[in-house]
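This briefing is for a reader who is meeting the structure for the first time. Please look over the sequence and the model before reading on.

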Amino acid sequence: MSNWQSILQHQNLVQFIESTCVSAPEKQAYQCLGKGHSYAEIEQLSTYFAQWIQHESDLQPGDRIAIQLPNLTQYPIVAYGALKAGLIIVNTNPLYTPREMHHQFNDSGAKALIILEDLLPKYEAIKDKIGIEQVIVTRAADLLKVTEPTHQYFDLMSLLEQGKSLPEQLPIQAKPDDIAVLQYTGGTTGVAKGASLTHANILTNASQMAQRLEQLPPLDGGSFICPLPLYHIYAFTVNMVALFGLGVTNTLIPNPRDIAGFVETLKSTPFIGMSGINTLFVGLCQHPEFKDLDFSNFKLTISGGSALNSSTFNLWKKVTGCTITEGWGLSETSPVLTLNEFGQQQPGSVGTPLGDTDIQVWNEDNQPLPQGEVGELVIKGPQVMKGYWNRPEDTEKSIINGYFLTGDVGLILPNGAIQIVDRMKDMIIVSGFNVYPNEIEEVLCQHPEIIEAAVVGEEDEKTGEKVVAHLVTTLDSELTEKDIETYCRENLAAYKVPRKILFLKELPKSTVGKVLRRELRTA
């Protein structure tokens with residue numbers, strides 16, 4: 001039986017995790033900050049965490065637990081442990097501001113939070129306004145050395161030690177259709193919604209990826225480098241499930257923006273593969289010491305999250321000798337939909353659909369278009385979400401006759417590969433992060449001196465795109481660009497803050513009063 005077929009033999013992620021750890025107990029599963037943990041150790045530590053939840057907490061199967069951590073080995077430990085206890089994971093960006101955390105925690109109904117100690121001030125700014133009942137804190141160095149807690153909350157390392165001495169309890173065995181993860185996305189409106197991804201959604205998508213990976217030689221002899229955040233469903237499914245299931249060692253990069261530190265890690269880590277985005281590949285290639293690394297066993301580079309430029313594709317191949325394999329997906333689809341064929345990468349294309357994934361191009365009347373014609377890309381497949389958490393109307397609008405409307409405009413090439421032409425959504429992608437204009441406009445318009453705001457994206461050499469804000473202010477306003485930037489930094493994650501601010505007398509609008517963003521893009 002192939003690896004991808006064996007993944008589908010499991011009813012849920014818990015069975016999959018346990019089976020994987022038993023099959024390769026001594027092999028290294030994760031490496032971070034110079035320390036490795038075997039599959040057996042990951043299984044043991046995640047079980048200790050699950051036992052603490054089951055015996056010592058008030059959390060019940062189906063409750064939501066938010067995880068707000070960077071790429072540390074603690075992430076898979078608590079994520080796997082939470083699943084064993086029957087909880088639903090709410091992946092949370094550590095860069096979120098208190099305002100963003102407040103919305104996500106309340107919308108998901110999260111009862112517990114696992115958070116990096118450095119982020120506690122943001123939590124404490126909103127703790128009286130949310131329903132979090134239990135807070136578990138960890139530090140970056142917790143798995144490296146013994147450290148004393150400096151806060152009044154539950155300490156993760158203490159809980160793991162406590163769980164070790166608690167009676168064994170069988171993991172909760174979820175049904176395939178039970179929700180495993182709430183992955184928040186702005187969707188088409190900009191209001192952050194939780195995509196309800198089931199155990200079957202994620203297992204199936206991991207299996208689809210594993211099937212495509214079988215085109216490659218065995219992924220052994222080194223680590224797969226993971227700089228993309230595990231709180232994104234891309235790395236969650238690809239690294240924590242698919243590659244984990246293949247017995248691959250994942251080397252986690254906590255801060256990929258520190259290119260010098262990233263390169264230092266690569267110097268001491270034999271690597272066979274890496275995932276990333278366009279801006280990361282460019283940043284690495286520009287570092288003077290990157291080109292001197294040993295690329296002799298480098299077999300695979302996967303790109304997703306933002307468009308891959310042909311110039312980056314060529315530069316990466318020149319420096320590393322490895323081609324980049326670009327794919328496409330969405331939070332609502334667990335996430336991978338397409339991936340280029342290995343060794344036959346077609347720059348400008350996001351590749352062919354994964355197994356059992358039906359992709360069509362529809363017109364404005366939701367009717368299929370012939371091959372080669374441009375329209376909205378819609379998909380049907382086992383990786384499509386169950387729906388948006390507690391938002392049946394949004395779910396109904398986004399899934400028609402079993403097809404999820406992606407909001408992306410594209411076409412199907414003669415070889416069956418997909419080409420993305422544009423985005424119907426006004427989403428802006430900054431260094432791989434999704435930025436939704438509606439959210440930023442709402443924040444801007446809460447300022448007493450701003451009457452109207454319109455936000456668009458503009459091409460940027462460093463980050464792919466940058467946020468541009470067009471503002472109409474009150475007549476007596478003396479707001480400066482610096483004032484706006486300071487205000488935004490208090491209410492938005494750094495990557496959402498407008499890099500360019502323009503003051504206008506009025507915004508371009510249609511006859512019915514709708515702001516015409518397309519005119520602002522060409523201004």
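In what order do the 3 strands of the open sheet lie, and what is their pairing? The order is β25-β26-β27, and the pairing is mixed. The model is a predicted one. The points below begin with this sheet and the helices on it, then turn to a helix pair, the cysteines and some single residues.

**The sheet**

- β25 and β27 are the edge strands, each pairing on one side only.
- On average, neighbouring strands of this sheet are turned by 25° against each other, direction ignored.
- β25 and β26 run antiparallel and are joined by 10 bridges.
- Across from Glu459 stands Glu465 in β26.
- Helix α14 packs on the sheet and touches β25 and β26. The direction of α14 makes about 145° with that of β25.
- Helix α15 also packs on the sheet, where it touches β25, β26 and β27. The direction of α15 makes about 125° with that of β27.

**Helix α15**

- Helix α15 covers residues 481-491, and its residues Ile484, Tyr487, Cys488 and Asn491 are buried.
- Seen down the axis of α15, these buried residues fall within an arc of 100°, so they line one face of the helix.
- An α-helix has 3.6 residues a turn, so residues three or four places apart point the same way.
- Lys482 and Glu490, on the other side of α15, are exposed.
- The cover over the buried residues of α15 includes two helices, α5 (98-108) and α14 (437-445). It also includes the strands β25 (450-460), β26 (464-473) and β27 (500-503).

**His447, between α14 and β25**

- His447 sits in the loop that runs between α14 and β25.
- His447 counts as buried because its relative accessibility is 13%, and buried means under 20%.
- Leaving aside neighbours within four places in sequence, His447 is in contact with Leu479 and Tyr487. Tyr487 is one of the buried residues of α15.

**The helix pair α4 and α9**

- Helix α4 (residues 74-84) packs against helix α9 (residues 233-245) at an angle of about 75°, and their axes are 12 Å apart.
- This angle makes α4 roughly perpendicular to α9, because angles from 65 to 115 degrees count as such.
- On the α4 side, the contact is made by Tyr75, Pro76, Ala79 and Tyr80. On the α9 side, Phe236, Met240 and Phe244 take part.

**Cysteines**

- A disulfide is a covalent bond between the sulfur atoms of two cysteines.
- The count in this model comes to 0 disulfides, with a cut-off of 2.5 Å between sulfur atoms.
- For Cys21, the nearest cysteine sulfur is that of Cys226, 17 Å away, and Cys21 is in no disulfide. Cys21 counts as buried, at 2% relative accessibility.
- Cys322 is in no disulfide either; the nearest cysteine sulfur, that of Cys285, is 11 Å away. Cys322 counts as buried, at 4% relative accessibility.

**Backbone exceptions**

- Most residues other than glycine have a negative phi, and most peptide bonds are trans.
- The peptide bond from Ser334 to Pro335 is cis, and its omega is near 5°. Pro335 is in the loop between β14 (324-329) and β15 (336-339).
- Asp356 is not a glycine, yet its phi is positive, at about 60°. The loop between β16 (352-353) and β17 (358-362) holds Asp356, which counts as exposed at 69% relative accessibility.
- Ser431, also a residue other than glycine, has a positive phi near 50°. Ser431 is in the loop between β23 (428-430) and β24 (433-435), and at 26% relative accessibility it counts as partly exposed.

- Which helix holds Gln211? Gln211 lies in helix α8, made of residues 199-213.
- Gln211 counts as partly exposed, at 32% relative accessibility.
- Gln211 and Leu354 are 143 residues apart along the chain, and their C-alpha atoms are separated by 8.5 Å.
- Not counting residues up to four places away in sequence, Gln211 touches Trp4 and Gly355.

Methods: Residues numbered from 1 in each chain as written. Predicted model: local features only at pLDDT ≥ 70, side-chain atom pairs only at ≥ 80, totals over all residues. Heavy atoms only, no water. Buried < 20%, exposed > 50% of the residue type's maximum accessible area, 1.4 Å probe, protein only. Helix = DSSP H or I, 4+ residues; strand = E, 2+ residues; numbered from the N terminus. Arc of directions from axis to C-beta. Contact = heavy atoms within 4.5 Å. Pairing = 2+ DSSP bridges. Axes fitted to C-alpha atoms, helices over the stretch in contact; angles between N-to-C directions. Parallel < 35°, antiparallel > 145°, perpendicular 65-115°, else oblique.
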